[in-house]
Amino acid sequence: MDRQYYLDLSAQQLRMPVGADLVLHQHPDHKAILSDGKRLGQVLLEAAELYNAPMALPIMDLSLEKSALLDMLGIDAAQKDTFHFDAPPSDQQMAMVQSHLSDPYDPRLQANIDAITYTIRHSKRIPVGMTIGPFSMMTKLLADPITPLYIAASGVTAKEDAEVELVERALELADMIISRSLKAQLEAGAKIIFVAEPASNSSFLSPNQIEAGSDIFDRYVIAHNQKIKKMLEQYQADLYFHCCGELTDYMVKKFCELDPAVLSLGSGRGLWEFAQMVPNRTVLYGNLPTKKFYSDDLVSVPQAEQMTRDLMQKMRATGHSFILGSECDILSVPGCEKKIMDKVMAMIHCTI
């Protein structure tokens, strides 16, 4: 797509939450909808209509690619949530995954693909794809990713240490599965892909080691996301890159090397703090603290409105293009649905 499209959205002072999950949970059979592409597409368009959003933003379920991988490896469904590799995946396991890449998609992923098709056929909204990022998927495959990452950042190689080999093989598996998911969504017609990399932050990767010269962030985060970027370019699709973790300036600048059309950042720091380090061709997105919307004690409706005004004013002062939105996916919390939705709608409709 023409990058000017996103700059024009910024000029319109668009406010656009990632909030399809809230709308999904208004339906009593919401679990069934997740495996029904037509109905899921209807929910995404329902959310886009409610929020007056030009994009049909998907549900941010970052478990789908891991689930698909474990299916290929024959892991029992009851073990999926707690499964972690305790040794580097074997050559046999790597080959097994490779051999299953052309298998039919599981119902959840197929529904996401079909929802993209439904969006195209029944609306003029931009169809958005979704995937977990390779680094974040890798962290879900290890019980303790921090220790081997520290070892790898110290200069120890996969040939020298089994834990480092585990990280690198898990990243290879993530690349394979994510590429499969992306290809299907892009061929269905997704025009921009939301890549969620919440783990690519200073909790998993030591800023001290990076400042001392380690290239760990380049090798394990940027290089693997560059593969995604190249695939998107082949399909003339754009990158909507998201990280809601705690970030250093260095990390944000590195994300910019991916040349995302939209860069979505969490609320650990004010969005305006990043404006001068992000190229003008990338629209910043975020970053109201929507994870706190479930509680009136944490954020009331008037406070949500004031936060919206403050963020818009501070971002305007930077001169950088931005779309005001949520810090991450706004999840439906049982018993708190109305409180959350009231604040989301206040964020969208309050006067500035």
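I shall go through the sheet, the helices and then a few backbone features.

Please bear in mind throughout that this is a predicted model. I begin with the sheet. Its 7 strands form an open arrangement in the order β1-β2-β3-β4-β5-β6-β7, and the pairing is parallel. The edge positions belong to β1 and β7; each has a single partner strand, so one side of each is left without a neighbour in the sheet. Within this arrangement, β3 and β4 run parallel and are joined by 5 bridges. There, Ile192 stands opposite Asp238 in β4.

Let me turn to helix α1, residues 4-11. Which of its residues are buried? They are Tyr6, Leu9 and Ser10. Because the arc they cover around the axis is only 100 degrees, they lie on the same side of α1. As a general point, an α-helix has 3.6 residues a turn, so residues three or four places apart point the same way. The buried residues of α1 pack against several strands, including β3 (192-196), β4 (238-243) and β6 (283-288).

Next, a pair of helices. The axes of α5, residues 64-72, and α10, residues 162-188, come within 10 Å and cross at roughly 110 degrees. Because angles of 65 to 115 degrees count as roughly perpendicular, α5 is described as roughly perpendicular to α10. On the α5 side, the contact involves Glu65, Ala68, Leu69 and Met72; on the α10 side, Leu173, Ile177, Ile178, Arg180 and Ser181 take part. Sorted by class, this contact comprises 6 nonpolar, 1 polar and 2 charged residues.

Asn112 belongs to helix α7, residues 107-122. Is Asn112 buried or exposed? Its relative accessibility is 15%, so Asn112 counts as buried, the cut-off being under 20%. Leaving aside residues up to four places away in sequence, Asn112 touches Leu40 and Leu64.

Finally, the backbone. In general, most residues other than glycine have a negative phi, and most peptide bonds are trans. Gln13 lies in the loop between α1 and α2 and, at 40% relative accessibility, counts as partly exposed. Gln236 likewise is not a glycine and has a positive phi, of about 55 degrees. Gln236 sits in the loop between α12 and β4 and is exposed, with a relative accessible area of 65%. Lastly, the peptide bond joining Gly286 and Asn287 is cis, with omega about -25 degrees; Asn287 is in strand β6.

Definitions and conventions:
Residues numbered from 1 in each chain as written. Predicted model: local features only at pLDDT ≥ 70, side-chain atom pairs only at ≥ 80, totals over all residues. Heavy atoms only, no water. Axes fitted to C-alpha atoms, helices over the stretch in contact; angles between N-to-C directions. Helix = DSSP H or I, 4+ residues; strand = E, 2+ residues; numbered from the N terminus. Parallel < 35°, antiparallel > 145°, perpendicular 65-115°, else oblique. Contact = heavy atoms within 4.5 Å. Nonpolar A, V, L, I, M, F, W, Y, C, P; charged D, E, K, R; others polar. Buried < 20%, exposed > 50% of the residue type's maximum accessible area, 1.4 Å probe, protein only. Arc of directions from axis to C-beta. Pairing = 2+ DSSP bridges.
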